[in-house]
Amino acid sequence: WIFEEQFLPVIAKNSSTGEPIPPEDIAKAKDERILRKGREVLHRLALGQLELELLSGFDPKGDESIIGLQRRLAHEYLPPVDVPPKSDISMLQQIFDSNASGHHASQYRYLYSEVMSFDAFEAFRDVGFQNEQGMKDIGKKFREDILNVGSS
């Protein structure tokens with residue numbers, strides 16, 4: 001919500017002078033946020049696919065090694081700048097850590113929660129942030145449909 005037009009200019013001020021941050025700098029910050037979020041989603045998709053393949057169809061005696069699988073999926077899902085070096089097994093480590101903690105298929109659950117969060121935010125945005133009664137109504141619906149025990 002902080003990047004919405006009615007909120008960002010109010011809080012985006014130069015800390016020394018108090019002057020508003022120029023619109024072009026705000027636009028740059030918003031673009032950077034979108035790029036960062038896109039890269040994060042691609043990383044989660046790569047991790048999710050790696051996890052699914054490891055847990056469902058990976059054959060440790062097959063032609064492809066576990067490191068080879070990680071590299072192949074990194075090249076499929078990630079921009080070249082984000083593909084880890086050959087010696088980096090951090091993607092595998094993330095999968096093993098989350099599975100050891102009992103969080104199987106956690107990457108796709110995380111992505112699903114992102115979709116739910118975006119949809120909920122859009123519902124509030126559609127009503128209009130200045131519409132007090134609409135905000136209350138959407139908030140009540142959100143509480144009943146999502147937050148209440150057994151709702152989601």
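Select helix 3 and color by burial: Leu69, Gln70, Arg71, Leu73 and Ala74 are its buried residues. Keep in mind throughout that this is a predicted model. Now show what surrounds that buried set. Its packing partners are helix 2 (23-56) and helix 4 (90-100).

Check the geometry of helix 3 while it is selected. The helix covers residues 66-77, twelve in number. At 1.5 Å a residue it should span 16 Å, and its end C-alpha atoms lie 17 Å apart, which agrees.

**The core**

Next, select Ala46, Leu47, Leu50, Leu54, Leu69, Leu73, Ala74, Leu78, Val83, Met91, Leu92 and Ile95. These twelve residues form the largest nonpolar core. Color them by helix. Helix 2, helix 3 and helix 4 each put in at least two residues. Helix 2 gives the most, with four.

Center on Leu73, one of the core residues. What does Leu73 contact, leaving aside neighbours within four places in sequence? The list is Ala46, Gln49, Leu50, Glu53 and Leu78.

**Helix 3 against helix 4**

Stay with helix 3 and bring helix 4 back into view. How are the two helices oriented, parallel or perpendicular? They pack at an angle of about 105 degrees, with axes 9 Å apart. Helix 3 and helix 4 are therefore roughly perpendicular to each other. Show side chains at the contact. Helix 3 brings Ile66, Ile67, Gln70 and Ala74. Helix 4 brings Ser90, Met91, Leu92 and Phe96. Gln70 and Ala74 are also among the buried residues of helix 3.

Move along helix 4 to Asn99. Is Asn99 buried or exposed? Its relative accessible area is 15%, so Asn99 is buried. Draw a distance from Asn99 to Leu55. The two are 44 residues apart along the chain, and their C-alpha atoms are separated by 9.9 Å.

**Helix 5 against helix 6**

Select residues 106-127 for helix 5 and 132-147 for helix 6. They pack at about 155 degrees, with their axes 8 Å apart. That angle makes helix 5 roughly antiparallel to helix 6. The crossing is right-handed.

Which residues meet here? On the helix 5 side, pick Met116, Ala120, Ala123, Phe124 and Val127. On the helix 6 side, pick Gly134, Met135, Ile138, Gly139, Phe142 and Ile146. Look at the spacing of the picks along each helix. An α-helix has 3.6 residues a turn, so residues three or four places apart point the same way.

Go to Ile21, in the loop between helix 1 (8-11) and helix 2. Ile21 counts as partly exposed, at 30% relative accessibility. Show its contacts, not counting residues up to four places away in sequence. Ile21 touches Ala12, Lys13, Asn14 and Ile26. Ile21 and Leu8 are 13 residues apart in sequence and 9.5 Å apart in space, C-alpha to C-alpha.

Last stop: Asp25, in helix 2. Asp25 has a relative accessible area of 34%, so this residue is partly exposed. How far apart are Asp25 and Gly48 in space? Draw the C-alpha to C-alpha line. It reads 34 Å, for 23 residues of sequence.

Terms used:
Residues numbered from 1 in each chain as written. Predicted model: local features only at pLDDT ≥ 70, side-chain atom pairs only at ≥ 80, totals over all residues. Heavy atoms only, no water. Expected span 1.5 Å × (residues − 1). Buried < 20%, exposed > 50% of the residue type's maximum accessible area, 1.4 Å probe, protein only. Contact = heavy atoms within 4.5 Å. Core = buried A, V, L, I, M, F, W, Y, C linked by side-chain atoms within 4.5 Å. Axes fitted to C-alpha atoms, helices over the stretch in contact; angles between N-to-C directions. Parallel < 35°, antiparallel > 145°, perpendicular 65-115°, else oblique. Left-handed = near helix turned anticlockwise from the far one by under 90°.
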